[in-house]
Amino acid sequence: MNIVDLIFARSTAAHPAVVSPELQLTFGELQARMNGCAERLSADPAWPRKNRPRIGLDAPSGADYIVVALAILKQNACFVPIPAELTASERAQLAKSTALDAIVFAKSAEDWRIKAVAHDSPPAFDESALEALNPAFIRFSSGTTGASKGIVISHETLLGRITAANAGLRIGPEDRVLWVLPMAHHFAVSIILYLYHGATTILAPASDPKVMIEMMRTHGATVMYGSPYHYTMLSGQPDAESLGSLRLAISTAFALTTEVAELFLSKTGLHLTQGMGIIEAGLPILNLEHAKDKPTSIGKPQPAFEVKLDDGELMLRGPGIFDAYLTPWQPREDVLRDGWFATG
């Protein structure tokens with residue numbers, strides 16, 4: 001199974017998929033652009049000649065990031081995002097710990113180069129076990145559960161988590177999602193989710209609240225996915241009340257405060273909905289019911305999830321739990337406690 005094939009098997013070719021200040025693509029155009037990029041990548045002499053290579057992507061957020069990321073996944077490669085803010089030594093450590101086979105440095109879907117990565121020692125994990133998982137992503141945790149860990153997410157697990165997350169979000173083809181977060185940190189349970197469920201993703205510049213609101217109006221945004229920082233910035237705009245037309249404004253990335261929630265409400269008339277995202281599990285908890293009276297709460301578990309406290313620690317059980325920690329190699333079954341994931 002490949003999540004990319006499922007996305008386009010479900011999509012309507014003429015329906016808008018991605019809108020940005022530079023580029024607008026229907027699902028049909030996105031698929032064609034992705035296929036062309038995939039063919040050129042695989043024909044490059046530096047593209048690894050092996051099953052399920054691990055490919056890093058170093059690229060700015062935008063429509064072409066989506067094209068190149070999907071092109072990597074389309075070829076059954078394991079996609080490893082490389083955040084722009086990493087130092088040179090941190091990038092080298094990421095490449096070593098994931099045993100990257102190559103890195104795609106992309107300015108756009110047409111302007112890129114591939115650099116093969118050589119290592120002076122074998123991977124610190126079981127390559128055959130990783131390959132057997134049908135891996136789609138390797139991402140690094142924020143360190144909530146201890147030291148930051150490489151987290152493996154298979155195509156099957158990715159499908160499970162975007163399906164479970166959407167039980168509460170209820171995103172569909174009629175939705176247009178205003179997007180302002182960095183794609184290297186937020187892609188699997190957001191951009192992939194929107195595409196899979198047929199929605200249009202509106203890519204707005206995160207540093208320009210005026211353009212954010214203009215794009216929201218122009219393209220009829222119905223949902224926004226942002227951080228408290230973005231909502232604070234938008235609240236300062238003279239036409240902030242326009243945001244009140246959104247049906248859902250999700251606050252994520254870091255904790256929502258009462259001050260930010262009340263400021264946004266006073267300017268827009270809209271209650272922010274906080275969610276608890278965790279890379280090991282996706283979006284298991286969402287504050288849909290009590291955004292009005294308890295805005296700083298992370299809410300209740302999504303329908304497919306269960307939660308419990310074990311000696312004060314939040315435990316989760318449900319679909320889409322990650323497949324393995326990379327180094328040291330720990331398959332999901334060895335990490336879970338009687339089927340429960342300890343969040344830390």
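This is a predicted model: local features need pLDDT of at least 70, side-chain atom pairs count only at pLDDT 80 or more; totals for chains, interfaces and linings use all residues.
The chain contains 11 helices and 20 strands. Its radius of gyration is 20 Å, close to the 20 Å that the globule rule gives for 344 residues, so the chain is as compact as a globular protein of that length. The C-alpha trace extends over about 55 × 50 × 40 Å along its principal axes. Buried residues make up 53% of the 344 in the chain. Of the contacts between residues at least 6 apart in sequence, 64% connect residues at least 24 apart.

Helix H8 comprises residues 209-219, and its buried residues are Pro 209, Met 212, Ile 213, Met 215, Met 216 and His 219. These residues cover an arc of only 160 degrees around the axis, which places them on the same side of H8. An α-helix has 3.6 residues a turn, so residues three or four places apart point the same way. On the face of H8 turned away from the buried side lie the exposed residues Lys 210 and Thr 218.

The cover over the buried residues of H8 includes strands S1 (16-19), S2 (24-26), S9 (176-179) and S10 (200-203), together with helix H9 (228-235).

Definitions and conventions
Residues are numbered from 1 along each chain as its sequence is written. Side-chain values use heavy atoms; hydrogens and water are left out. Helices (H or I, at least four residues) and strands (E, at least two) are DSSP runs, numbered from the N terminus. The radius of gyration is taken over C-alpha atoms; the globule rule is 2.2 Å times the number of residues to the power 0.38. Buried means under 20% relative accessible area, exposed over 50%, partly exposed in between (1.4 Å probe, protein chains only). Contact means heavy atoms within 4.5 Å. The arc is that of the directions from the helix axis to the C-beta atoms.
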